[in-house]
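Open the model in your viewer and keep the sequence panel beside it. The stops below are given in the order in which to select them.

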Amino acid sequence: MSTMRAVRYLGPKQEFVLRAVAIPEPGPGAVRVKIAACGICHTELHLRDGLLDLGRRDFTVGHEIAGVIDAIGPGVDAARLGQRVIVYYYEGCLDCEYCRQGEEQLCANPAAQPGFSSDGGYADYLVTRARNCVKVPDHVALSDIAPMGCAGTTAVHAGKIAEISPGEWVVVNGIGGVGFALLQFAIAAGARVVAVGLGAARLALATKLGAAAVIDAATTPDTAAAITALTGGGGDVVFELVGTAETMRNATLMLRRRGRLVLIGYTAATYEIHPIELIIREARVLGSVGATLQDLHDVVALVEAGKIIPVIDKTFALENFDEGLAAIENRTLLGRAVLVM
Ligand SMILES: [Zn+2]
Ligand SMILES: [Zn+2]
């Protein structure tokens with residue numbers, strides 16, 4: 001039996017371990033992807049720390065996967081062999097009220113969720129549904145696009161949920177991997193974007209990518225007041241990506257009348273706000289989880305058109321996954337970190 005390298009999740013509050021496991025074979029309708037790159041996501045930290053636990057144990061982590069199709073199962077078009085692809089990481093039941101509408105991220109009984117509850121991308125190979133593999137344009141590097149499978153799709157999905165109109169003020173509260181993609185998505189939608197974040201380098205990049213204004217959260221004691229002044233009333237849309245009690249509260253207080261707050265990032269903290277803050281604004285608080293397969297197709301098209309430029313800070317060899325995770329945890333990176341196989 002031939003084996004491959006895989007980084008395994010064994011259970012909450014346990015370190016991941018690199019192991020040799022069997023190379024998977026694709027069944028009907030499935031393909032095998034020889035993984036070229038896998039982005040490192042906060043999700044892995046949430047799994048390790050026990051914040052996210054879908055009940056499964058002993059599987060390979062990682063869901064920001066790009067590679068080349070190197071084997072196909074029965075019923076898959078042979079033309080797909082050798083195709084460079086990025087992977088959609090939900091395998092919904094395809095039969096429930098959500099899946100029927102293409103909203104696999106809301107499926108209560110998914111067949112698999114690579115990297116969340118079934119084998120994912122910190123490995124040499126992955127088997128997944130052929131339909132979940134989206135072709136990558138020739139001129140785009142697999143290591144550049146891999147994180148877009150999560151950071152990019154999360155941004156596009158949240159952007160659609162916010163229903164951004166041209167000319168609106170959009171605040172990205174927490175500029176980083178998802179934030180850079182959201183910033184670019186909102187600009188493409190015609191919004192004026194304010195990026196709130198930590199560190200001069202990150203904020204300089206936000207400006208370069210088209211932010212109308214940037215606010216350094218480290219040196220701005222009251223970001224809500226700063227945004228309200230800057231935008232003449234607050235953000236029409238605020239995307240909250242950090243998820244601490246303070247950032248969630250500030251994100252609410254920087255909403256304009258009739259503003260929409262979209263919660264994406266989370267920590268162990270609870271969202272707490274007096275209802276009057278929502279009532280007087282007639283504000284809406286929305287959650288956004290993951291993305292649809294269509295969102296992944298849209299991200300790939302946006303990257304191909306140059307409207308979303310993936311921001312990659314560092315790459316790591318698969319064996320050095322723990323260094324990559326530490327870099328994510330310390331929040332020292334400008335953009336995403338990617339494992340390359
Ligand atoms: Zn379903
Ligand atoms: Zn992710």
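This is a predicted model: local features need pLDDT of at least 70, side-chain atom pairs count only at pLDDT 80 or more; totals for chains, interfaces and linings use all residues.

Residues are numbered from 1 along each chain as its sequence is written, chains are lettered from A and ligands numbered from 1 in the order in which they are written, and side-chain values use heavy atoms, with hydrogens and water left out.

**Stop 1: zinc ion (ligand 2)**

Select the zinc ion (ligand 2) together with Cys41, His63, Glu64 and Cys150. These residues coordinate the metal through SG, NE2, OE and SG respectively, at 2.0 to 2.7 Å. Donors here are N, O and S atoms within 2.8 Å of the metal (3.2 Å for Na, K and Ca); water is not among the atoms, so sites may look incomplete. Why does the arrangement around the zinc ion (ligand 2) count as tetrahedral? Its four donor atoms subtend angles of 86 to 127 degrees, and four donors count as tetrahedral if all angles lie between 85 and 135 degrees. For four tetrahedral donors the ideal angle is 109.5 degrees. Along the chain, the donors of this ion have the spacing C-x21-H-E-x85-C. His63 and Glu64 are both buried, that is, under 20% relative accessible area, where exposed is over 50% and partly exposed lies in between (1.4 Å probe, protein chains only).

**Stop 2: zinc ion (ligand 1)**

Move to the zinc ion (ligand 1) and show Cys93, Cys96, Cys99 and Cys107. Each of these cysteines coordinates the ion through SG, at 2.3 to 2.4 Å. The site is tetrahedral, with angles of 103 to 118 degrees among the four donor atoms. The spacing of the donors along the chain is C-x2-C-x2-C-x7-C. Cys96 and Cys107, 11 residues apart, are both in the loop between strand E6 (84-87) and E7; strands (E, at least two residues) and helices (H or I, at least four) are DSSP runs, numbered from the N terminus. Both Cys96 and Cys107 are buried, and Cys99 is buried too, with a relative accessible area of 7%.

**Stop 3: Cys38**

How many disulfides does the structure hold? There are zero, a disulfide being a pair of cysteine sulfur atoms within 2.5 Å. Select Cys38 and Cys41: the sulfur of Cys38 has its closest cysteine sulfur in Cys41, 9.3 Å away, which is too far for a bond. Cys38 is buried, at a relative accessible area of 0%.

**Stop 4: the second largest pocket**

Select Pro24, Asp119, Gly120, Leu126 and Val127. Of the 15 residues that line the second largest pocket, these lie nearest its centre. Strand E2 (17-22) and strand E7 (125-129) each supply at least two lining residues, and E7 gives the largest share, three residues.

**Stop 5: two loop residues**

Lys13 has phi near 60 degrees, a positive value in a residue other than glycine. Lys13 is in the loop between strand E1 (3-9) and E2 and counts as exposed at 70% relative accessibility. Glu163 also has a positive phi, near 50 degrees. The loop that holds Glu163 runs between helix H3 (151-162) and strand E9 (169-173), and Glu163 counts as exposed at 55% relative accessibility.

How values were computed
Four donors count as tetrahedral if all angles lie between 85 and 135 degrees; four count as square planar and six as octahedral if opposite donors are over 155 degrees apart and all others between 65 and 115; anything else is irregular. On a 1 Å grid over the protein atoms alone, a cavity is a set of points where a 1.4 Å probe fits but cannot get out, and a pocket is an open set with protein on both sides within 12 Å along at least five of seven lines; lining residues have an atom within 4 Å of a point.
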